[in-house]
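Could you walk me through this model in my viewer, one selection at a time? I would like to know what to pick next and what I will find there.

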Amino acid sequence: MGAWRKTFMDGISLENPLTVLMIGLCATLAVTSKLEGSFFMSIAVIFVLVMSNVLVSAIRKFTPNEVRIPIFIVVIASFVTIVDLSMKAFVPGVYALLGIWIPLIVVNCIILGRAEAFAYHNTVWLSIADGLGMGIGYSVIMVMLSVVRELFGTGRIVFLGAQLLALPAWFKPPGILLSFPGAFILFGFVIAGSIALNRKLRARAKASGREIPPPPEPGCC
Amino acid sequence: MDKTAIKLVVSTTVVCIVAAAGLGMTYGVTKDRIAKMDREAEVAALRAVLPDAKRFSKVAAAEDLAAAKKAAGEVTFVSAYSASSSGGDPAGWGVRVASRGYGGPMQLVIGLDRDGKVTGVSIVAMNETPGLGTKVLTEKWFMRQFTKLPAGASDADLRKLDAISGATKSSRGVRHGVEAAVRVWRAAFGGGGGN
C-alpha cells in the first residue's frame, strides 16, 4: 500500500504535472478563466488519464516497443472521444463552454506522458494511483487558477448558473487576469508556491532520514 | 515477413478494432441524445428571440434558400424558420447563421418580425474566450442595441452600434450575423412576411 500511496501523492505534490513537470500547460491557461470550465475539464482529464493508464498498463506485455506510441494514441483518442460525445449529450452547456479543448485532450502531454513514462512500465494497480494522483494534482492547480482568475477578473464566481461568491460592486475587475498574460503571471506565482511547498516536503523527509530524488526534468509541451 | 513484423501489425490492428468497437457503441448510445439536445437548443433560441410565436416551420423552398445564402455573403447562412402565433397568424422569422467570432464560428439565431425589425438575438453555440468574448452574452445592453434598430436596418445602421471593449471581435461577429440576417430577410422574405 505504501508504494500506491506514494505514487498517488507524488502526482499531487512532488511530481505535479503542471507545476513540476510543466506539461499540458496550453489548455490549462486557456480554460482556467472560469471555474465551471476548469472543473469539468479536470473531470474529463482525470477520467481519460485513469482509463488510458489502466488500459496501457494492462496491455503493456502485448505492446511491441516499436508501435507503442501509435497504440497509446489510439487508446487515448478513444477515451477522449467517449468523453467528448458523452459531454455533448449530457452537459451541452458545459460542452459549449469548453468547446475545442475537450477533443484537444488527445494531444495533451500529460496523458501521453504518463502512458509512456509510467503506465507502460508499471502494474495496473500502480497506474491507477498515478492516473488519480496526476489527475487530482492537475485539478487542484486548475481550480486554484480559475478561482483567482474568475473572482478577480470578473468580480464574481458563477458555477452552473448559481453565483457562489461576489466581490463588492466598487471593485473594477482588471481584464488582464482573463487574458493570457494574466494567466502566465498568475501561473508563475503558483509555480513558486509549489516549489516552496515541495522544498518543505523534502526537508521534512530528510529530517526523518529519507531521501527524495530530485524532480524530473520539465517536459516539452 | 519475419515474426516481429507480424506482431506489430497484429497488435496495432487488434487495438484499433477494439477502440473502434468502443467508439461505435458510445456513438450509438449518445447519437440520438446529441441530436435531441441540438434541436432543443435551436427551438429554445427561436423561442427566446420570438417570444410571441408558438410554432416554427423550417423554410424549405429552394429559391428562398438560394436567395438567403446569396444575401448572407461572407456569413454562413444555416437555416430559416417562419414563425406563427398560436392562432396560426404569421409572427415573423427566425434566421440561423454562423458568423466568424474570435474563437471560430458563432452560431446565432436572429428573430425578425414581419417588417424586418430585429426582435432578438441569441447565441446557440460559440467558442469565444470565457470572461472576455462571452461578454456579448453577459452584457445585456449589447444585445438590446439590436432590438432598438429600425425595421429593415441597413448595414450602415448596424455599424453605428457600440462594441464591447475587450471583446471587439466577438461583438463584430454578432453584428455581422445580424447584418446578414436582415439582408436574408430583405432578399428572401421581405415585403410579404409570414406564410
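Here is a tour of the predicted model, with stops in both chains.

**Stop 1: confidence in chain A.** The mean for chain A is 87, and 95% of its residues reach 70 or more. Within chain A, helix H7 has the highest confidence, at 93, while helix H5 (residues 92-98) has the lowest, at a mean of 79. Keep in mind that where pLDDT is low, the predicted coordinates should not be read in detail.

**Stop 2: a salt-bridge network in chain A.** Select Glu15(A), Arg114(A) and Asp130(A), which are linked in a network of salt bridges. Start with Arg114(A) and Glu15(A): their closest N and O atoms are 4.0 Å apart. This pair links distant parts of the chain, since Arg114(A) belongs to helix H6 (residues 109-117) and Glu15(A) to the loop between helix H1 (2-12) and helix H2 (25-31) of chain A, 99 residues apart.

Glu15(A), at 23%, is partly exposed.

Stop 3: Phe72(A) comes from helix H4 (residues 68-90) of chain A and Tyr120(A) from the loop between H6 and H7 of chain A, 48 residues apart. Phe72(A) is buried at 1% relative accessibility, and Tyr120(A) is buried at 13%. Next, select Trp4(A), Phe8(A) and Trp125(A), a cluster linked by ring pairs.

**Stop 4: a ring pair in chain B.** Move to helix H4 (residues 140-147) of chain B, where Phe142(B) and Phe146(B) are four residues apart, or about one helical turn. Their rings are edge-to-face, with 5.5 Å from centre to centre and 85 degrees between the planes. Phe142(B) is buried, with a relative accessible area of 2%, and Phe146(B) is buried at 1%.

**Stop 5: the sheet of chain B.** Switch to a cartoon view and select the strands. Five of them make an open sheet in the order E1-E2-E3-E4-E5, with antiparallel pairing. E1 (55-58) and E5 (118-125) of chain B each have a single partner strand, so one side of each lacks a neighbour in the sheet. On average, neighbouring strands are turned by 25 degrees against each other, direction ignored. Zoom in on E2 (residues 76-84) and E3 (residues 90-100) of chain B, which are joined by eight bridges. Ser79(B) stands opposite Arg96(B) in E3(B).

Stop 6: Within H6 of chain B, pick Arg175(B) and Glu179(B), four residues apart and about one turn of the helix. Their side chains meet in a salt bridge of 3.1 Å, N to O, and both residues are buried.

Terms used: Residues numbered from 1 in each chain as written. Chains lettered and ligands numbered in written order. Predicted model: local features only at pLDDT ≥ 70, side-chain atom pairs only at ≥ 80, totals over all residues. Heavy atoms only, no water. Pairing = 2+ DSSP bridges. Helix = DSSP H or I, 4+ residues; strand = E, 2+ residues; numbered from the N terminus. Axes fitted to C-alpha atoms, helices over the stretch in contact; angles between N-to-C directions. Buried < 20%, exposed > 50% of the residue type's maximum accessible area, 1.4 Å probe, protein only. pLDDT = per-residue confidence, 0-100. Phe/Tyr/Trp six-rings, centres within 6.5 Å; stacked < 30°, edge-to-face > 60°.
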